[in-house]
Amino acid sequence: MKRYLFSAMVLMFAATVMAQDEAQDKVEANLSADVVNQYIWRGQDLGHVSIQPSLELGYKGLSLAAWGNVGLSDPNDTKEIDLTASYTIGGFSIGVTDYWTDEGEDRYFLYDAHRTNHLFEAFAGYDFGVASVNWYTNFAGCDGVGKSGDRAYSSYLEVAAPFQLGGLDWTANVGVVPYATTTYDTEGFAVVAAGLRASKEIPITEHFKLPLFAEIATNPHDQKAYFVFGMTIKAF
């Protein structure tokens, strides 16, 4: 019985790989931009009205993506560029992100350990269908510090569950920081994000739909709450 079960698992894994290879047998590219009334990330308020462009290339599970943020209503808002390399197979994904902002030292190609504005983060996760679980850990760059004053290797765990209700696509999410770090201003384990997001594509013409989304985002640790609204412009 165990042998048959193992054989079935191997066949299922092989089928998943084959399906993924067939689905991405050529390079896929995506270009889009979100316009939001405020920039909220992992329970933190990072800016006002913003435009957030993104560009992604994908091939057989491998993805290279660039994402940015520029404030529209406040020229003093932080500008950001994030570069991500990731690999997905079945429900499992793993990758690395290079975050950069122009706060303080604004030279992009400065990588000095004690002066750089780059922050490097590794992540891994699994999408079970009914919910996804993702773990993120900073491993280099301008990470925060812990109670000892040493690099905190700041980490973040997020659980998200998608569902449909009333003609909208919904996602409920919770994010926690497991230990003290100045990156998230926590003194230990803390729930720093909890939110509910709804989205829907609005038909504009026969060939064009405008995705709209709204989210109630909270930070229980800081006792903050935000209402985020935005739209996505896609290049088809």
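Which residue takes a positive phi near 60° in the hairpin of β10 and β11? The residue is Gly166, and the hairpin has two residues between its strands. The points below take up this hairpin again among other features.

1. Basis of the model. This is a predicted model, in which local features need pLDDT of at least 70 and side-chain atom pairs count only at pLDDT 80 or more, while totals for chains, interfaces and linings use all residues. Residues are numbered from 1 along each chain as its sequence is written, and side-chain values use heavy atoms, with hydrogens and water left out.

2. Overall content. The protein has one helix and 14 strands, where helices (H or I, at least four residues) and strands (E, at least two) are DSSP runs numbered from the N terminus. Of its 236 residues, 32% count as buried; here buried means under 20% relative accessible area, exposed means over 50%, and partly exposed lies in between (1.4 Å probe, protein chains only). The accessible surface comes to about 14,300 Å², of which 64% belongs to carbon and sulfur atoms, with areas from the Shrake-Rupley method and a 1.4 Å probe, and, for residues, only the protein chains shown counting as cover. Among contacts (heavy atoms within 4.5 Å) between residues at least 6 apart in sequence, 39% join residues at least 24 apart.

3. Strand β6 (residues 80–89) pairs with β7 in the antiparallel sense over ten bridges, two strands being taken as paired if DSSP finds at least two bridges between them. These strands form a hairpin with two residues between them, and Gly90 in the turn has a positive phi of about 60°; within the pairing, the bridge partner of Tyr87 in β7 is Ile94. On to β8, nine bridges join β7 to that strand, again antiparallel, and Val96 stands opposite Ala122 in β8. Strand β7 (residues 92–101) is largely enclosed by the rest of the structure, because seven of its ten residues are buried.

4. Strands β10, β11 and β12. Nine bridges join strand β10 (residues 155–165) to strand β11 (residues 168–177), and the two run antiparallel; in β11, Thr171 is the bridge partner of Pro162. Strand β11 is also joined to β12 by nine bridges, in an antiparallel arrangement, where Gly175 has Ala193 as its bridge partner in β12.

5. The largest nonpolar core. A nonpolar core is a set of buried Ala, Val, Leu, Ile, Met, Phe, Trp, Tyr and Cys residues joined through side-chain atoms within 4.5 Å, and the largest one here has eight residues, namely Phe123, Tyr136, Tyr156, Val177, Tyr184, Ala190, Val192 and Ala193. Its largest share, three residues, comes from strand β12 (residues 190–203). Leaving aside neighbours within four places in sequence, Val192 is in contact with a set of residues including Tyr156 and Val177, as well as Arg42, Thr218 and His221.

6. Salt bridges. A salt bridge is a side-chain nitrogen of Lys or Arg within 4 Å of a carboxyl oxygen of Asp or Glu, and a search of the whole structure finds two. In one of them, the side chains of Arg42 and Glu121 meet at 2.9 Å, N to O; the pair links distant parts of the chain, with Arg42 in the loop between β2 (39–41) and β3 (44–47) and Glu121 in strand β8, 79 residues apart. Arg42 is buried, with a relative accessible area of 12%, and Glu121 counts as buried at 2%. The side chains of Arg107 and Glu105 also meet, at 3.0 Å, N to O; Arg107 is partly exposed at 44% relative accessible area, and Glu105 counts as partly exposed at 25%.

7. Nonpolar residues at the surface. A nonpolar patch with about 800 Å² of accessible area is formed by Leu62, Tyr87, Phe92, Ile94, Tyr126, Phe128, Val130, Val133 and Val159 together; patches are made of residues with over 30% relative accessible area and no salt bridge, like charges being joined within 9 Å and nonpolar side chains (Val, Leu, Ile, Met, Phe, Trp, Tyr) within 5 Å. Phe128, in the loop between β8 (118–127) and β9 (132–141), counts as exposed at 55% relative accessibility.

8. Phe189. This residue is found in the loop between β11 and β12 and is exposed, with a relative accessible area of 59%. The C-alpha atoms of Phe189 and Tyr179 are separated by 4.7 Å, although the two are ten residues apart along the chain.
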